[in-house]
Amino acid sequence: MNDHELALKSWQYRRDILRAIKHAGAGHTGGSLSCTDILNVLYNRTLNVSPDTFGSPTRDRYVQSKGHSVEALFVVLADQGFFPASDLDTLCGYQSHFVGHPTRKVPGIEQNTGALGHGLPICTGMAIGAKLDEADWHVFTLLGDGELAEGSNWEAAMAAAHYRLDNLTAIIDCNSLQITGRTRDVMSSEPLANKFDAFGWAVREVDGHDLAALEDALARPLAAGKPSAIIARTIKGKGVSFMEDVGRWHHGVPNDEEFAAAIEEIDAAMARLEAAA
Amino acid sequence: MYSEAATALATDLGLSKGRANLEVFAAAVQDLAEADRDVLAVTSDSRGSGKLGPFGQALPRQIVEVGIAEQNLVGVAAGLASTGKIVFAVSPACFLATRALEQVKNDVAYSDNPVTLVGISAGVSYGALGSTHHSLHDFAALRAINNVEVCAPADNFEAEQAVRYAAAADRPVYLRFGKAPLYDLPSDAPVQPARARVLREGGDGAFLASGETVIHALLAAEHLAREHGVQCRVASLPSIKPLDTDEVATAAVTGAVVTVEEHMVTGGLGEACAASLLQAGLAPRLRIAGIPDEYTVTGSQADIFRHYGLSMEGLADTMRSILGH
């Protein structure tokens with residue numbers, strides 16, 4: 001997949017996310033759109049994970065700690081071939097495995113998440129396990145910036161540095177909004193880079209919608225002997241103008257007119273991308 | 001721990017004092033770890049309390065220290081178990097079972113990571129340290145979590161068997177261990193998953209007990225037989241969940257049941273037995289002996305057991321009261 005095709009993937013994913021949420025009548029729209037580019041790079045460039053390798057003990061591990069943005073993860077896993085895209089028609093339906101947070105009943109999901117502040121401790125354990133086995137697979141987790149108010153993250157951050165887990169990367173989807181409003185107003189996590197640095201992590205801040213920057217940041221540990229924190233500055237609702245950086249789209253579901261307008265914007269963006277290629 | 005009369009009775013019965021279950025746990029898990037390098041102990045500044053000092057000395061690679069951080073302890077343990085490790089997450093029961101309850105629920109039970117959760121210094125083992133350090137809520141909290149077995153061994157034999165069972169189990173198990181040296185119970189019956197061990201037969205009443213209260217129930221039954229001619233059945237129920245409902249029903253045939261636990265009277269063994277009895281259409285006279293819903297008195301474990309009627313004399317009195325003696 002070349003860079004042009006990778007860029008198109010992000011738009012395709014955004015369209016599929018909106019379709020799934022619209023069909024289900026529920027979902028975390030804004031956060032799914034803010035982390036779409038991160039998941040695109042992870043699954044298409046970084047992780048050695050596929051339906052064929054998912055049973056392998058040497059696969060990389062990805063745990064989505066911000067589990068509410070599961071629609072983005074489901075769409076990417078469907079695209080990777082873990083299950084037919086049509087399965088997402090059951091999203092949030094009676095007895096469906098495609099519930100509003102990741103569960104291992106869905107192929108490709110590593111761990112059940114949804115309660116915040118759980119992914120980093122689990123991934124710290126996974127990374128310690130890999131070190132004990134002298135294995136070279138890598139552990140990735142995605143957290144929200146609002147999620148960082150959960151104290152368990154900082155317990156794990158301390159332990160990951162203590163154990164020099166350079167096989168662990170935490171990506172912070174810093175979209176600066178949470179359900180109540182601006183993260184800086186609800187419970188500021190800034191200066192975030194300084195905090196992770198003080199905890200003993202290697203830190204890089206990137207534009208979370210710059211695919212090349214993300215790919216470079218995720219390609220290898222930032223420093224030997226330290227866990228890596230990638231602070232991805234993102235826009236909640238990215239890709240749909242009227243959703244971008246607007247709090248109500250945290251779990252807003254578009255009405256028919258909004259849905260049509262959003263798809264039209266995405267289709268136009270894809271057409272522009274094709275024309276520029 | 002025991003009154004002079006209880007000690008004399010135990011001696012007369014030929015019972016010998018073993019070690020604390022915590023020490024048995026530590027030796028058993030070290031034995032397992034020496035045979036399999038994938039066996040790990042994860043601790044929260046608790047290797048001393050968990051008697052795991054020798055384990056840490058002998059097998060430093062196989063002990064993972066997370067510091068005083070119980071939520072992280074359980075999350076890390078779940079992550080390790082997901083990579084195929086056989087993980088014992090060891091922390092004082094008071095912190096493990098409630099401070100880290102959401103991690104137990106989600107990261108271990110819901111995610112099906114077969115961690116063995118080891119609650120050390122359980123019940124009122126830390127009796128004099130006050131209620132912050134009592135774990136009188138762990139049965140109630142963990143009984144309500146799907147996919148966790150809850151186990152409170154009564155003596156060294158049950159403890160050893162429980163550790164080996166949990167290590168081999170493909171699902172999460174919570175084990176509860178205290179600090180006091182325990183009498184070895186007079187039974188050769190094997191410890192079987194989800195089954196009670198019958199220690200004494202008797203048709204006038206029955207004690208259904210768990211953990212470190214079992215010996216007191218047994219002494220109470222012997223005392224009742226010698227002093228009052230009352231014959232009571234005594235069963236140890238190391239498995240609080242799943243419950244041996246067959247034994248509960250058998251006990252009910254006597255017509256008088258006293259359940260005994262080192263736990264609040266709400267949400268533990270007694271209420272589990274009561275629910276089982278009523279749903280089976282059985283209604284023996286019943287008393288739930290445990291810690292009542294009040295600020296728990298402090299003192300040694302023995303003081304607290306005596307205060308709440310969980311020692312030989314108190315349990316014998318409770319049984320006599322429902323028998324009308």
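1. **Basis of the model.** This is a predicted model, in which local features need pLDDT of at least 70, side-chain atom pairs count only at pLDDT 80 or more, and totals for chains, interfaces and linings use all residues. Residues are numbered from 1 along each chain as its sequence is written, while chains are lettered from A and ligands numbered from 1 in the order in which they are written.

2. **Chain A overall.** Chain A has 10 helices and seven strands. Helices (H or I, at least four residues) and strands (E, at least two) are DSSP runs, numbered from the N terminus. The C-alpha trace spans about 50 × 45 × 45 Å along its principal axes. A compact globule of 277 residues would have a radius of gyration near 19 Å, and chain A agrees with 18 Å. The radius is taken over C-alpha atoms, and the globule rule is 2.2 Å times the number of residues to the power 0.38.

3. **Chain B overall.** Chain B contains 13 helices and 14 strands. Its C-alpha atoms fill a box of roughly 60 × 40 × 40 Å along the principal axes. For 325 residues the globule rule gives a radius of gyration near 20 Å; chain B has 19 Å, which agrees.

4. The domain assignment gives domain 1 (4-16 + 187-323) and domain 2 (19-183). Such bounds come from an automatic or database domain assignment.

5. **Between the domains of chain B.** The C-alpha centres of domain 1 and domain 2 lie 25 Å apart. In contact are 33 residues of domain 1 and 28 residues of domain 2. Contact here means C-beta atoms, placed from the backbone, within 7 Å. On the domain 1 side, α9 (214-228), β12 (239-241), β13, α11 and α12 (301-307) each supply at least two residues. That side has 15 nonpolar, 14 polar and four charged residues. Ala, Val, Leu, Ile, Met, Phe, Trp, Tyr, Cys and Pro count as nonpolar, Asp, Glu, Lys and Arg as charged, and the others, Gly among them, as polar.

6. **A strand pair in chain B.** β13 (residues 256-264) and β14 (residues 285-291) of chain B pair in the parallel sense over six bridges. The chain crosses from β13(B) to β14(B) through helix α11 (residues 269-279), and this β-α-β crossover is right-handed. B:Ala256 stands opposite B:Arg285 in β14(B). Pairing requires at least two DSSP bridges between the strands. Right-handed means that, with the strands pointing away from the viewer, the path from the first strand over the helix to the second runs clockwise.

7. **Where the chains meet.** Chain A puts 20 residues in contact with 22 residues of chain B. On the chain A side, α5 (119-132) and α6 (151-162) are the elements giving two or more residues. The largest share, 10 residues, comes from α5(A). By class, this side has 11 nonpolar, seven polar and two charged residues.

8. **Backbone points to check.** Most residues other than glycine have a negative phi, and most peptide bonds are trans. A cis bond joins A:Glu190 and A:Pro191, with omega about -5°. A:Pro191 lies in the loop between α7 (183-187) and α8 (192-198) of chain A. The bond from B:Lys241 to B:Pro242 is also cis, with omega near 0°. B:Pro242 sits in the loop between β12 and α10 (245-252) of chain B. B:Ser121 is not a glycine, yet has a positive phi of about 50°. B:Ser121 lies in the loop between β5 (116-120) and α7 (138-143) of chain B.

Technical notes: Contact = placed C-beta atoms within 7 Å.
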